[in-house]
Amino acid sequence: MSDSADNMIQEIQGDLPLTRRPFQEFARHLGVTETELCGKINALKEHGLIRRYGAVLRHRDAGFQYNVMAVFNVPDGLVDDIGERLAAKSYISHCYERDRCDDWPYNLYAMIHARDEGEGESFMKECQTIVGNFPCNILKSLKEYKKTSLTILKGNND
Amino acid sequence: MTNHSVNLTPIDKTLFNFLQNDFPVVQEPFQVLAAHLEISEDEVIKKIQYFKNVGLIRRIGPVLNAKALGYTSALFAMSVDENREEDAAAYVSGFAGVTHNYKRDHEYNLWFTLVARNLDEMDTIIRDIKKNITPKKFLKLPAKKMFKIKGVFNV
């Protein structure tokens, strides 16, 4: 990534001010016009360096009190198909394949979010139907110690 | 929103979803949103401020793509004694590269994601964590394939 993209991301990576022309200050610091800055941000979105530009939630406060990590051990040949079908569910925010470990033999992970236990359990049942009769474990998130957005990482020497 | 004291009107909900999915990155974004919703720009700004005040929205900004930035990341799990859980969690959270850190109901009770600029940096941090926390068990679980990553919650 170029230095200028890195500088730009560092400038805008926090929170957008709630003003009529919220990109004005950022643009001024970077020595570009607001239109140029918006164009650069949109370009980074298109290239995928920025996944999304918008509101980042506190999902627990937004009413999603029931959050579980569901893990499954499915045959390697079925992972892609099952993974895609799980990912299509709106209540699943993250879905990954990972390698199995000796005492943790699961290769498919899905984060499920629901407003309450009842809703969560019905989502879980649906997932189990999608996955089929393979080993499954459900880990409830009991406490959120930290949840921050990724920011540009700086080393001690920077 | 069933488990929250906040009451959102239909316009609030439309705005809330717009803010997540279709935020207009232009010179006057709140005017654009106001035009869509047929309310004033000031009202849009007031509503967003409200969402922030009641803790629904953390911030408005870019969600970065670790992989595209060339960063290395992985999920880790540790098993630590319950009476040391809080201290261990606090130690892990102290690293800037730790973005998520959760307690889960399993023998593997601490789960965290770590992002680093490269594998060496990741290994250095993990060595430090293992040395200071001495977990009973430890798992490194990098992603092999990503099917979805989308922290959007439409109401």
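Colleague: How many bridges join strand 5 (residues 136–147) of chain A to strand 3 (residues 98–104) of chain B?

Modeller: This is a predicted model, in which local features need pLDDT of at least 70, side-chain atom pairs count only at pLDDT 80 or more, and totals for chains, interfaces and linings use all residues. Residues are numbered from 1 along each chain as its sequence is written, chains are lettered from A and ligands numbered from 1 in the order in which they are written, and side-chain values use heavy atoms, with hydrogens and water left out. Strands (E, at least two residues) and helices (H or I, at least four) are DSSP runs numbered from the N terminus, and two strands pair if DSSP finds at least two bridges between them. Strand 5 of chain A and strand 3 of chain B run antiparallel, and the bridges joining them number five.

Colleague: Which residue of strand 3 of chain B is the bridge partner of Ser141(A)?

Modeller: Ser141(A) has its partner across the chain boundary, in strand 3 of chain B. That partner is Arg104(B).

Colleague: How much area is buried between chain B and chain A?

Modeller: The contact takes 74 residues from chain B and 82 residues from chain A. Buried area is the accessible area (1.4 Å probe) that two parts lose on being put together, summed over both. Carbon and sulfur atoms give 57% of it, and the total is about 7800 Å².

Colleague: Which residue of chain B forms a salt bridge with Asp15(A)?

Modeller: A salt bridge is a side-chain nitrogen of Lys or Arg within 4 Å of a carboxyl oxygen of Asp or Glu. Between chain B and chain A there are eight. For Asp15(A), the closest N and O atoms are 2.7 Å apart, and the partner is Lys52(B).

Colleague: Why does the salt bridge of Arg100(A) and Asp76(A) tie together separate parts, and how many residues apart in sequence are they?

Modeller: The two side chains meet at 2.9 Å, N to O. Arg100(A) lies in the loop between strand 3 (92–98) and strand 4 of chain A, and Asp76(A) in the loop between strand 2 and helix 4 (79–87) of chain A, so the pair ties together parts whose separation in sequence is 24 residues.

How values were computed: Contact = heavy atoms within 4.5 Å.
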